[in-house]
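Reader: Hello! Could you walk me through this structure, one question at a time?

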Amino acid sequence: MIQVTLLMLLTSLAIGLPVAAVLALTGYVLSENYAFIPMTAASGELAWSHSNDFVLIAAPMFIMMGELMHRSGVSERLFSALTPWFTRVPGQLIHTNIAASAVFAATSGSSLATAATIGTVAIPNMDRGGYSRPLFLGSIAAGGTLGILIPPSVNMIIYAVLSETSVADLYAAGFLPGILLAVLFSAVVVVAVLWNPKLAPATDFQGSLWPARIAGLKHLVPPLCLFFLVVGSIYLGIATPTEAAALGLVATVGLVGLNRALTVAVLLSAFEGTVRTTCMIMLIVIAAFFLNFVMVSIGLVEAITGALLSLGWPPLAMLAAIVVFYLVLGCFMETISMMIATTPIIVPVIVELGYSPVWWGIVFVILIEAALITPPVGLNLYVVQAVRKAGSIADLFKGSAPFLVAMLLTIILLISFPQLALWLPTILNPKSGPV
Amino acid sequence: MLQGESRFGLEALTRRVSKVLAWVAGGAILFGCAVPITIDVVSRFFLNRTLLESFEISGYALAACIGLGMGYTVSTKANVRVDFLTMRLPPGIRVVFDLVAAAALAVVAAAIAYFAWGVLQQSEAMNARSMSILQVPLVIPQSVWWVGLFWFACVAVLTPVLAVLRLLGRDRAGADRLIGSTDLAEELELIGADGRAEKPR
């Protein structure tokens, strides 16, 4: 049964069927062949109940927030406000890219929106400043991936629904690893530039930077206010994650309005982008719930967990194998569909191995970030390349590789010190108990 | 890019309708979810009671968004495919895989619309109402949801048919626009990452 399923899934994916269709059709075939009663009869109810899931409502609202932020003009001011802070750090604007991505990520739940937004503002400075193109572009592609690790995060909402974990726990768990990863990205740049000073202009600026630093602080206020509204309201107990998303979206509309960028055209194009992404995701989610429903009913999930555990590998070896599996799969598969399709199967295994599903959610999101910058199907690489509009994509392949090392290091640190992820949730949500 | 001159009035009409429905679907998220939920959170904070039943309303708004917006994923080729291998095939063979993929989506879309119709009919037969103060007859939100999914099925079935007609008319580019892999420029234009998107003031 396992072999049949695996063969069917892989073949139909490889010949390029839409992922949602692959999942739904596999579910149908399994139900016809192995179930005692046809499961398809329940699919309508399944589709309806997930179509109005209150937790999932947060996803389109965060997507729309990103769509609007991208069009709001916030990022240009953010970029210029952060620049003087890094003028004396080897690598200069490359650190601004990473820091601006991290701050923008704190208001956006999407990696693509983050990379596109920061890329638009940053790339004109690349040749003007005499930076190494691969490293500069790589920092934008990699920095953009922070969008899904630093809360809010669309991916975490969907993971929470599929794995039955709490969005609030996941957000709290993602915060420190997100900061850590951003710092490691910067460390990579400093090491690279010290190693080869030609990668970035010399840091010989004379005079005081403080007036510019202080003057820029006011531009950090709007994104940070949004972050505290969206994330703070959850941990102060004022709002659930879905309610926080609603507050964030309404505030974003207000912010875009204050910047005089709120037109009917902007609103409609944000609607289009939001609906396109949301419905694409939801079709896969509904198909995955149907497949999972069939797989649980016919005992397939148990069989897979059993088969993997009967290998008798120590948990750490099994975990390493799963990490490698995702690194490889991530090279070829679009990330959100990879996450939705595999979460229901992999999370039971992780839990059986004795790991926390919240902790795994964070490791998983970092693996997805890695997938976003690994060729040939790393979408962030193509987003940055498209914003740049010239030159070779090979610059991006080359330039994002060092940042991949930082991601792997973060995963190793998370495996060695799970508290990096699990400490904040226990402090912030004591009611939910150990996670 | 997507609105290229079309000999097929039907094709342009399908795109147009899907796009307008996507606007409605997006409006449902902003005005049906975000605004009512915000009103409730604020009133709960200051008045200690909620004014709207936003918990329930927003669920129906999401369902409306998902139903009404689903057709737009077909007309903008948003449904993710692992086309890494098929993209390397010669165009003449690749188009076969594209057709099979479009047909598979059509089958799934038709099945979803069919089973959703079952849900709607059952709610009507049982006169089902939501278990809340509002006691909304479930037929109302489910009808909106179903109408959208029915349109989704129509677009999904029509798309491969139109593509075959294009191919018969020796218009491979036209067929590609309907069912081919999303080309990167199209994709990025749609997510607003074409570098022109950000226009402050």
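Author: Gladly; first a term: contact means heavy atoms within 4.5 Å. This is a predicted model, in which local features need pLDDT of at least 70, side-chain atom pairs count only at pLDDT 80 or more, and totals for chains, interfaces and linings use all residues. Residues are numbered from 1 along each chain as its sequence is written, chains are lettered from A and ligands numbered from 1 in the order in which they are written, and side-chain values use heavy atoms, with hydrogens and water left out.

Reader: How many residues of chain B are in contact with chain A?

Author: Contact involves both chains here. On the chain A side there are 71 residues, and their partners in chain B number 67.

Reader: What is the area buried between chain A and chain B?

Author: Buried area is the accessible area (1.4 Å probe) that two parts lose on being put together, summed over both. Carbon and sulfur atoms give 75% of it, and the total is about 6100 Å². Of the area that chain A buries against chain B, the three residues that supply more than any other three, 14%, are Trp48(A), Arg276(A) and Leu283(A).

Reader: Which side chains meet in a salt bridge between chain A and chain B?

Author: A salt bridge needs a side-chain nitrogen of Lys or Arg within 4 Å of a carboxyl oxygen of Asp or Glu. The count between the two chains is 1. At 2.9 Å, N to O, the pair is Glu243(A) and Arg44(B).

Reader: Which helix gives the largest share of the side of chain A that touches chain B?

Author: Helices here are DSSP runs (H or I, at least four residues), numbered from the N terminus. The largest share is 11 residues, and these come from residues 264-297 of chain A, helix H14.

Reader: Is Val82(B) buried or exposed?

Author: Val82(B) lies in the loop between helix H2 (54-75) and helix H3 (91-125) of chain B. Not counting residues up to four places away in sequence, Val82(B) touches residues of chain A, among them Leu13(A), Leu17(A) and Phe332(A). Buried means under 20% relative accessible area, exposed over 50%, partly exposed in between (1.4 Å probe, protein chains only). Val82(B) has 13% relative accessibility, so this residue counts as buried.

Reader: And what share of the residues in chain A is buried?

Author: Chain A has 21 helices and 0 strands. Of its 435 residues, the buried share is 62%.

Note on methods. Helices (H or I, at least four residues) and strands (E, at least two) are DSSP runs, numbered from the N terminus.
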